[in-house]
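Student: Can we go through this one together? I'd like to start with the charged contacts and then look at the domains.

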Amino acid sequence: MIRKETAPESLADFATDESGIVQAVGVEAVCFPQSEQEVCEILAEANETRTLITTSGAGTGLNGGRVAIHGGMVMATQELRTPQPRELLALQAEQFGQQYVIYIDEKRQEAYVPAGVSTELLDQMLPEELLYPPDPTEKSGFIGANIACNASGSRTFHYGASRNWVLGLRVVLPTGDIIDITHGDYTADGELRFANQSGIQYAVPLPSYQMPAGKNAAGLYARPGMDLVDLFVGSEGILGVITEVHLKLTERPDNIVGEIAFFSSEADALGFVEDLRAAAAGAMTVLSIEYFDSNSLDFMEHEVLAGKDYGAAIYTEVVGTLDELDPLIAALEANDYAADWFADSSEEELEQKEFRHSLPDEVHAYLRRHNSQAWITDFAVPAEKFPEMLQAYHAAGAALREKFPREGEHCLVFGHIGNYHLHVEFIAHNSEELAMAKQLYSELARQAIAWGGTVSAEHGVGKKTLTVDGRTMPYLELMYGKQGVIEIARTKQALDPNLILNVGNMVPRSYFKELNG
Ligand SMILES: Cc1cc2nc3c(=O)[nH]c(=O)nc-3n(C[C@H](O)[C@H](O)[C@H](O)COP(=O)(O)OP(=O)(O)OC[C@H]3O[C@@H](n4cnc5c(N)ncnc54)[C@H](O)[C@@H]3O)c2cc1C
């Protein structure tokens, strides 16, 4: 019997996600499948009865992706277990009071992980010498959702996004059919043709738009000759429910050194970043380069910041023994650092990671305390446009502050500077401030796109929309045009003919009516 909850307090747990930008409406139940077979049953029946299903992970998403805004049923993935035993090393651990099993091929450095395992638990479960390198800041998010959003993190600078580490997937399609795919099984020739486990054939048309060359998590993946696995990575759950991921692992570096450098001026911090890039292009392994603007440092509460007034800070992780760190020390000295926090023990490394994670976490706690809302960007731009984009971020923050002078921060800028990808967190205390934050966000989005960038480099677009001349459109439309969004709808419909799964992510529901006349 599939576990199902209908009590208001159970539904309330799934009413929104960490972003709070949309709320669930008219949800009848939350179901908790424990096996892939139960996922199949739920989807087959929903497909038959035309019941909308929205897949949920841990709810840490920042775009309303797991929120059922059109009613129907939520499918929680936290109780999903491994779909089939394998003749490999089985490792067990507990999460939410339940036992989970992952399978490891130590020789090939690979893992098979059920969708509902958090990245934190995965890290704890892996043998000490092995690492799953994508490193999203939020560790409670589930691996299935991470892959559904093509999540990335600080170490994407060195290791790339989740996509680079996915070897294969098991997915239940919206019709209830299972596919078990490995990279290289199916490649596109105009469209993607493949068969499911029962031999049913699919021919899926693909979007024809050109994606930005840099880091990107906006819209379905679309490249000539692309692989079927890549279609599902970053698809935000609109094409199927991921039940198990087959991951590539790597050796865990055993001498990671963390460094947080504080600067009096932003120009010095940017100089330090450039020197780190040069060191990374040379002999030094640089895993991450992360940025904090002065507002972020003012906002954060930590003893290293007490009584200080820094202009910016850079967090980096490098690999090396103490006598291999000359390029790091030279970069610090060349850029007039004001202070630094050096971590060469795993405990201190963890403390620094917590420092980095505490910023978005503190913002969200602050918002809850003040009943306020934030509007957060996720844009990335090509390298040559980054300095102008950074100035545009600061100008946007200054404009919000000037229009609404009050105590407290209005705009924090921080994140993955190594990938030319910063988050701007606009903090709005009332609806007028929020309206202006959204306006500034839209202007910055247009600017990022005009410069060849993306509206989402890691969070995905979910249900984020903007209103232009009274018409509500998805942000994707700014990037790929209306035709591009319709093409995504067409791809979805080839796998979800009755439009039951994750409706509203990437493509608003009304666009399907247009597609189908
Ligand atoms: C403080 C903070 C820091 C963050 N830092 C990062 C970061 O560094 N990098 C980053 O990429 N993101 C970051 N995020 C965003 C978020 O953690 C990621 O998007 C994460 O992948 C979401 O995981 P989740 O389990 O919470 O998914 P949810 O929010 O529950 O769902 C996210 C999306 O995935 C879909 N989905 C969930 N499970 C499945 C499945 N099994 N099959 C198909 N679709 C599915 C959902 O329908 C939804 O569209 C951060 C969020 C917070 C709050």
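Tutor: A salt bridge here is a side-chain nitrogen of Lys or Arg within 4 Å of a carboxyl oxygen of Asp or Glu. The model is predicted, so local features need pLDDT of at least 70 and side-chain atom pairs count only at pLDDT 80 or more, while totals for chains, interfaces and linings use all residues. Residues are numbered from 1 along each chain as its sequence is written, and side-chain values use heavy atoms, with hydrogens and water left out.

Student: OK, how many salt bridges does a search of the whole structure find?

Tutor: The search gives 26.

Student: What does R155 pair with, at 2.7 Å between the closest N and O atoms?

Tutor: R155 forms that salt bridge with E317. The two sit in distant parts of the chain, 162 residues apart: E317 is in strand β17 (residues 312–319) and R155 is in the loop between α4 and α5. Strands (E, at least two residues) and helices (H or I, at least four) are DSSP runs, numbered from the N terminus.

Student: Are E317 and R155 buried or exposed?

Tutor: Both are buried. Buried means under 20% relative accessible area, exposed over 50%, and partly exposed in between, with a 1.4 Å probe and protein chains only. For R155 the value is 7%.

Student: What about D135 and R155, how far apart are their closest N and O atoms?

Tutor: They are 3.9 Å apart, and the pair forms a salt bridge. D135 lies in the loop between β8 (130–131) and α4 (143–148), 20 residues from R155. D135 is buried too, with a relative accessible area of 7%.

Student: Switching topic: where are the domains?

Tutor: Domain 1 covers 89–251 and domain 2 covers 254–346; such bounds come from an automatic or database domain assignment. Their C-alpha centres lie 32 Å apart.

Student: How many residues are in contact between them?

Tutor: Five residues of domain 1 are in contact with 10 of domain 2, where contact means heavy atoms within 4.5 Å.

Student: And what area is buried between the two domains?

Tutor: About 660 Å², with carbon and sulfur atoms giving 59%. Buried area is the accessible area (1.4 Å probe) that two parts lose on being put together, summed over both. In domain 1, S154, R155 and F157 lose the most area to domain 2, together 77% of what that side buries.

Student: How many salt bridges are there between domain 1 and domain 2?

Tutor: The count is one.
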